[in-house]
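Here is a short briefing to read alongside the structure. Please keep the 3D view open as you go through the points.

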Amino acid sequence: MEEISNLMQGFAVALTWQNLLFMLVGILLGVLIGVLPGLGGANGVAILLPLTFSIPPTSAIIMLSCIYWGALFGGAITSVLFNIPGEPWSVATTFDGFPMSQKGRAGEALTAAFTSSFVGALFAVLLITFLAPLVARFALKFGPPEYFAIQLLTFCSFVGMGREPAAKTIASMMLGFALAAVGLDTVTGTLRMTFGQTHMLQGFDFLVAVIGLFGLGEIFLTMEEGLSFKGTRAKIDFNIVWRTWKTLPRYWITSLRSCVIGCWMGITPGGATPASFMSYGMARRFSKTGNKFGEGEIEGVIAPETAAHAAGTSALLPMLTLGIPGSPTAAVLLGGLLIWGLQPGPLLFVEKKEFVWGLIASMYLGNIVGLLIVLTTVPWWAAILRIPFAIIAPVIVVICAIGAYTVHNNMFDVVMMLVFGVVGYAFKKLKYPLAPLVLALVLGDMAETSFRQSMLLSAGSMTIFYSNGLVGSIVTLALFLLSWPLISRGLAFVRKRPVAPKEA
Amino acid sequence: MATNNKAPAGPVTTRWMELVVALALVIIGAIVIVDSHRVGIGWSEDGPRSGYFPNIIGWILTAAAFWIAGETLFKWKALAGKVFVTRDEMKPVLSMFVPTVVYVALVALIGIYVASAVYIATFMMWQGKYKWPPTLGVSIGVPVAVFLLFEVWFLIPLPKGPLEHLLGY
């Protein structure tokens, strides 16, 4: 088992006092981001990215990924105690988590949520440990057509698996690609869509887009709801934790199912949010007490939390091995790696072995540290949420502005953040998904380069995407997912009954 | 951005908003296509030209936007009751949006520290009805903390204005 020895070396890298300190700081910052409205995993990491430029890459990525774990944990706190999902993926947690806390079982709900998050993450990290090297080795043989096929699959799966209308997913994605094309064309050196404006030369940075879309947009939405935090109080002590832990093994089937759903949705970029909903729905269908879901069933907390955390963690697998992030936050982490001069992809596993395994080892440690921290510090986070919105909101906007500015030390980015904030608000309200936009903005140049290289190889013929079994099957799968909304509608029409609960 | 600049005369309906956004996307798509044609969508001796890929993107974007617009028009009657924002919801959003626009302008003019202090103070007193002591505490405390964190510890310069220059930074 080469992986085990690599992992042990990774632990040696990750287990220094300095790195443990960064881990701790990362988790604390992450939970803070997770509980505050308007700051989430993606934009939180984006804002904090510049702060890490002065520390070594391994420590920096450990801290950033810990911020991510912290944010995943933090989302559960607001869902259970305040019925406010701090993160989109914890919406499903509110369904049963909040009723539980209303019944005075907040401690149990939180313990269950944190523990299942941990289980989900652990499952996903184990998957990464053993699967990632294989995927990386396999991907070494990839050429431009294969890369483009994988990227196509990434984007088509948004259309096929997203809950939003297909046309809006496609529109949002294409807007991302269009924005990515602005600026200098890296292949020919031609200027595109700059209209003679010098500050358009650099193009649109996705970090600024992430901060605006998710940060400001979310603040505007929160303002609109006229939100006042009315929460229940939580008491967690060792007795409650122990009592809850003793009941958890009973739900191992739900846990396992949620882990699998989460990992699947994380690797194919369905993302944590649909994973948590899907897992909740499945748990309700298969549970003996399914009809009681929504009234405060512990299983209804376990299912979405496990899946969300498994998806959030496994989203790093394609990011590390193929350079294709499975979620907006993974995309931000990818951006960080690029800034430190580390090119994610199969070669990373060969050239920067100690970095990769240090990161994977830190995923184990980070989640253990995270679980301990959140279990012991819940009351503090609940207290932060009692700070009135009139104070929190402007402070978050200031933090977003600083984050946007520090990306390139550029004032124009702050203005763009505001524009993206308005776009984010409108898109959210009209049910345009934001994740495809961000991912297209990140992967735009890569997708374009691999597409153009493929076209060069084939002299402009699309048949190159069916030139061998591998690329052909990936493209076929991608096209199948792309047409899935049509297929499912067709099936529903044939059966003369609606299959999926459609929103629009 | 048309969303928030509209006068709050009445509730904005979702169907009109759908059309406005779809139209905006069509325009963006058209810009992408036109610009792609400007830089060339065909081949040159060294391969596809710069507009080759964006041209395709532009067309798909335009098509998707037309699809959304068409779907909205198709369901026009059914969408009649749906409201994008009511007048009551618009007010808090604008009360956040307008100060933020002013804030961004101020950052460009007088630096981020003073602008942030003014912005936080305005918002706290206006929206939160706070008295001077807590307002001053937060609105001065946050920029000072930011200053220590960014300029002193992490050595990341942020935009500064006359006050900071006066203090020697």
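This is a predicted model: local features need pLDDT of at least 70, side-chain atom pairs count only at pLDDT 80 or more; totals for chains, interfaces and linings use all residues.

**Helices and a buried residue**

**Helix α4 of chain B**
- Helix α4 of chain B covers residues 87-110, and at 1.5 Å a residue its 24 residues should span 34 Å.
- A bend of about 25° occurs in α4(B) at Val93(B).
- Val93(B) is also one of the buried residues of α4(B), which include Met90(B), Met96(B), Phe97(B), Pro99(B), Thr100(B), Tyr103(B) and Val107(B).

**A helix pair in chain A**
- In chain A, helix α4 (residues 57-82) packs against helix α15 (residues 328-339) at an angle of about 170°, and their axes are 11 Å apart.
- Because of that angle, α4(A) is roughly antiparallel to α15(A).
- On the α4(A) side, Ile61(A), Leu64(A), Ser65(A) and Tyr68(A) take part, and they meet Thr329(A), Leu333(A), Gly336(A) and Leu337(A) of α15(A).
- Sorted by class, this contact between α4(A) and α15(A) has five nonpolar residues, three polar ones and no charged ones.

**Phe158 of chain A**
- Phe158(A) sits in helix α7 of chain A, which runs over residues 144-161.
- Is Phe158(A) buried or exposed? Phe158(A) is buried, because 26 other C-beta atoms lie within 10 Å, and the cut-off for buried is 20 or more.
- Phe158(A) and Thr406(A) are 248 residues apart along the chain, and 31 Å separates their C-alpha atoms.

Notes: Residues are numbered from 1 along each chain as its sequence is written. Chains are lettered from A and ligands numbered from 1 in the order in which they are written. Helices (H or I, at least four residues) and strands (E, at least two) are DSSP runs, numbered from the N terminus. The expected span of a helix is 1.5 Å times one less than its number of residues. The bend at a residue is the angle between axes fitted to the seven residues ending there and the seven starting there. A residue is buried if 20 or more other C-beta atoms lie within 10 Å of its own, exposed if 12 or fewer, and partly exposed in between; C-beta atoms are placed from the backbone. Axes are lines fitted to C-alpha atoms, for helices over the stretch in contact, and angles run from 0 to 180 degrees between N-to-C directions. Angles under 35 degrees count as roughly parallel, over 145 as roughly antiparallel, 65 to 115 as roughly perpendicular and the rest as oblique. Two residues are in contact if their C-beta atoms, placed from the backbone, lie within 7 Å. Ala, Val, Leu, Ile, Met, Phe, Trp, Tyr, Cys and Pro count as nonpolar, Asp, Glu, Lys and Arg as charged, and the others, Gly among them, as polar.
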